[in-house]
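This briefing covers a predicted model. The points below are grouped by topic and may be read alongside the sequence and coordinates.

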Amino acid sequence: MGFLMDGLEAEDYDRAYSDRDLLRRILRYFWPKRWAMLLVALMIVLGSAAQAAVPLMISSGIDRIVAGGSIWALVGGILLAGALGWAFSFVRQWFNAKATGDVVLSLREDAFDAVLERDMSFYDENPSGRVVSRVTSDTDDFANVVGLSMDLLSQVLVVGFVTALLFTRSVPLALLTLVIAPVVILCALQFRRIARTTTRRAQRSMSRVNANLNETMGGIAVAKNFRQEQRVYDEFRPINEQSYAVSLRQGFVFSSIFPLLFLIAGLAEVGLVLAGGRSVLDGGLSAGDWYLFLQAIAFFWFPLTSIAAFWSQFQQGLAAAERVFALIDAPPRVVQTDALPVGRLAGRIEFSDVSFGYSAEVPVLQDFSLTIEAGQTVALVGHTGAGKSTLSKLITRFYEFQDGTLLIDGRDIRTLDLSAYRRQIGAVPQLPFLFSGTVADNIRYPRPEATDDEVLEAAIGVGGGDWIEALPDGLATDVGEHGRSLSMGQRQLVALARLLIQNPAIVVLDEATASVDPLTEAQIQEGLDTVLAGRTSIVIAHRLSTIEHVDRIIVLDHGRIVEQGDHATLLARGGRYCEVYNTYFRHQSPNYRPGTGFVTVN
Ligand SMILES: Nc1ncnc2c1ncn2[C@@H]1O[C@H](COP(=O)(O)OP(=O)(O)OP(=O)(O)O)[C@@H](O)[C@H]1O
């Protein structure tokens, strides 16, 4: 079991819904489609009646032929029943496909909406491929189940009609047909539980394959750069093999039920042939009635055995619905206690005894206090893992802190209208993400209604706009997927122009570490001066020119402030800042020669 179960545990947010809750939830999605579904139900009843009429007509036709009657009435009747059956089935399929399609559309919209609503911590904990799997293949599985349910309903109705007819012809034979039904139903119910478990496992293993593929595609450049294709393949292979093994097991479980059901059906058929044949010979039953009984077995057993096949798919659909609902219902970690209007922020930020950890066991910040005055530019420096990005993630409210308070302009961040608050936070990651489209589209991203003139003004506001001339089509240049057609420096300039369009009160900027040519560097520096002016800015600093000019440098170590002040004061002090300076900034000085520029650490 070890290999089969590796990595197939439920996600943290998974939950098991009771069948009742699940069905109620599914029905809620179908409620707006109730008239279409009612029409589908009517067509199922009429179609089933047309189907059931055929053996009945043949049965009485046989008796009439035996008695020397004409065959043409029978032929005409069968043709008419066939034509009507086709018409009913057509209308049914059409409306069913439309209603199911609409339900899947809204389910997928809800799932996608939920994906957008999730906190950043959700994306840290759940690989994106697995989430994608829920929005795509799970909603499809759910759709299949609806189509299957309709087929089954129609078969069950045919059985109902045929059974009612059987009772009018011969009660003992009808009872014999029915007596084995509970046995089959019991088998199918038992099978239900096993089917659901194996199906869940199969879906999880599939989403694991998706997650792995997603990560591989995302990091393909790194893998190729380090010639790690074999390793990527080696990682993929066991995951793929596991998916194969789990699907195989699922197939085995599903196929094992059929031989058992067919055995029971076969025994029943033997009994009916024997009992019915004797009755015909004794003259107690007509040849036509006997034919009707033999047909009835086929009609009767077909839906019962297909319940078992259906069960597997039905379970797959229910498990899929469960996974989609779990995604929709995943509780948010970031919880606002109120949604007070924000107004234009001045940008004063005050951490007061804040404690935070990505997981409960590993605290990153403990009783952390820091005040950043409105309009101040603060640089965060420190060794890797010191907690610089963590601070910015709390300010952007991507993560929920466990203790203490975080005040923005003196107001508890938890009481603010989160969307309005985030609109005034300009966050620039180290590698700015650009969406497919033109440079202008990307600059306009925070405010789609911005005019072309505003976009141009923002672009010119960053470094005088010379960089636009270097682009092949100016602002109309296509940036390619993730901005791959632009250089790193150009992407940063676009991100800065985007900030100008957004006009945030607080800027949280993770400076890029990638070095760019001196001209672009100068443009970025000029752009930064424009963008940060008049706003509270928290810069995770990687460039010497930034730390030399900010109002205050905060040196972090293991989630604590170990030193703060301006560049000159801190350098003169010879403390922890000097260590950080020697490690990260010293070599960026224009006068740098290898092995020189160290400041003395006391
Ligand atoms: N998403 C996450 N889940 C769990 N732990 C995390 C996560 N992000 C950061 N950490 C941990 O929190 C601590 C602080 O990380 P943080 O990213 O704030 O450091 P940093 O100072 O920004 O480092 P760097 O300069 O390398 O970006 C580290 O120990 C890190 O391992």
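**Annotated spans, ligand shell and sheet**

An unreviewed UniProt entry places the feature "transmembrane region" at residues 35-58, 70-91, 142-167, 173-191, 252-275 and 290-311.

**Transmembrane spans**

- Residues 35-58, one of the spans that UniProt annotates, are 100% helix and 0% strand, with end C-alpha atoms 35 Å apart.
- Residues 142-167, also listed in that record, are likewise 100% helix and 0% strand, and their end C-alpha atoms lie 38 Å apart.

**Ligand shell**

- The residues surrounding the ligand are Asp-124, Tyr-358, Val-364, Gly-382, Thr-384, Gly-385, Ala-386, Gly-387, Lys-388, Ser-389 and Thr-390.
- Helix H12 (residues 388-395) supplies three residues, the largest share of this shell.
- Sorted by class, the shell comprises six polar, three nonpolar and two charged residues.

- Five bridges join strand E1 (residues 349-356) to strand E4 (residues 403-408) in the antiparallel sense.
- Glu-350 has Leu-407 in E4 as its bridge partner.
- In general, the strands of a sheet pair through backbone hydrogen bonds, in either a parallel or an antiparallel manner.

Technical notes:
Residues numbered from 1 in each chain as written. Predicted model: local features only at pLDDT ≥ 70, side-chain atom pairs only at ≥ 80, totals over all residues. Near = placed C-beta within 6 Å. Helix = DSSP H or I, 4+ residues; strand = E, 2+ residues; numbered from the N terminus. Nonpolar A, V, L, I, M, F, W, Y, C, P; charged D, E, K, R; others polar. UniProt positions renumbered as here; feature names shortened; annotations may be inferred. Pairing = 2+ DSSP bridges.
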